[in-house]
Every structure is written in structure tokens, then in C-alpha cells.
Amino acid sequence: MPHALLLNASYEPLCVVSQRRAVVLILSDKAVTLEGSGDLLHAATWSMPAPSVIRLTRYIKVPNRRAVPLTRRAIFARDGGRCVYCDAPATSIDHVIPRSRGGQHAWDNVVSACRRCNHVKADRPLPDLGWRMRRPPAQPAGSAWRILSSGRQDPRWSPYLEAYGGEPKGHGLEGAFAAA
């Protein structure tokens, strides 16, 4: 079933909802459609465009957000679905400082890697191999990362996510979930 991006009344991304939930919010006048998916939803006496992006009509206060969860999908999204060592398509995750040598399973120590680089690196630190990363790993920031790390993404959502920490098109996020 298709999904829709739900925005607060202030256009801040909140979450991804099912198309059914989006339609219920629209029909109960709790949300308005900002962007359609191009499909039509039909009932016995009416039809409406299927929503892709909806905005709540009333602002809701969001409690303090926790950190972005460290998941495989979120790591691939942060690194653009590419290996941080050789820029090949990523198929696995790697600990920069190996866990066997005291490395933590944390945002600043986990990166996406291709199978070859992960196998060659094994449990050795980068200076032993003479390797460098394209950019140092860091925890993503912004409310858009909750959407990006969910694995559900629609190109129509990009303009609504860019201002809240989502990267603009052309920075690797389009194919970030192919390897996940």
C-alpha cells in the first residue's frame, strides 16, 4: 500500500502514514493535500486524487525527539548507499574502529561499505591499511532523518525534507535504500 508524508501545520515533517490514514485525515478535515501521487481513489459517488504529501490543519506540539535510531537503513541513507572507502555500492556496514579492538556501535564509528572493502579491512584499523574515508561518520541531525531512515521515500517528498536535514536531490539519497 502506498504511503504519504505527514507534515505538521508548520511544514515540519512528522512521519510517514499509510495512504488509508492520509485519506481519513483529509476527509475529517484534519489535514489538507499538498501533493498528489497522480493516482485517483474512487468511491461509489466520488473520487479524489491519492495524497503523497499532506499537512495538518492544526499545529501539534511534538515532544522532545530522541536521537535518530542507529539502523542499517539509516546508515545507508546517511552515506548515500555508497562505500565510504571506495565509493562502490554499499552492501554491508563496517565498524571503523573494530569492535574487537574496543570500538563502539555508535554513529561516529559505523559506516557503509562494499563487500570487498569490508572483507579486506576485516578487524584492522584504517592507519594499518593506509586507507582514508571520503568523510568522517557523524550522527545525522534534523527531523527529516526520521523519514529517511524509515526506508520509505518518494521523490515528491524531497522539497519538504530539505529544510529539515534531508539532503537535496543529487546527493545520493535517491538510491540510498537500494542496498538496504
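Predicted model: local features only at pLDDT ≥ 70, side-chain atom pairs only at ≥ 80, totals over all residues.
Tyrosine 85 belongs to the loop between α2 (72-78) and β5 (92-95), and tryptophan 131 to the loop between α4 (126-129) and α5 (144-148), so the pair ties together parts that are 46 residues apart in sequence. Helices (H or I, at least four residues) and strands (E, at least two) are DSSP runs, numbered from the N terminus. The table gives the accessibility of both partners, with buried meaning under 20% relative accessible area, exposed over 50% and partly exposed in between (1.4 Å probe, protein chains only).

| Residue | Relative accessibility | Class |
|---|---|---|
| Tyrosine 85 | 13% | buried |
| Tryptophan 131 | 23% | partly exposed |

As for the basis of these values, residues are numbered from 1 along each chain as its sequence is written, and side-chain values use heavy atoms, with hydrogens and water left out. Local features need pLDDT of at least 70 and side-chain atom pairs count only at pLDDT 80 or more, whereas totals for chains, interfaces and linings use all residues.

Four strands form an open sheet in the order β2-β1-β4-β3, with mixed pairing, two strands being paired if DSSP finds at least two bridges between them. Its edge strands, each pairing on one side only, are β2 (13-18) and β3 (31-42). Strand β1 (residues 3-7) runs antiparallel to β2 and is joined to β2 by five bridges; in β2, valine 16 is the bridge partner of leucine 5. Helix α1 (residues 19-27) packs on this sheet, touching β1, β2, β3 and β4 (47-56), and its direction makes about 85 degrees with that of β4. Here contact means heavy atoms within 4.5 Å, and axes are lines fitted to C-alpha atoms, for helices over the stretch in contact, with angles from 0 to 180 degrees between N-to-C directions.

Within α1, the buried residues are Gln19, Ala22, Val23, Leu25 and Ile26. They lie on the same side of α1, because they cover an arc of only 160 degrees around the axis, taken from the directions from the helix axis to the C-beta atoms. Their cover includes β1, β2, β3 and β4, while Arg20 and Leu27 are exposed on the other side of α1. Just after α1, aspartate 29 adopts a positive phi of about 60 degrees.
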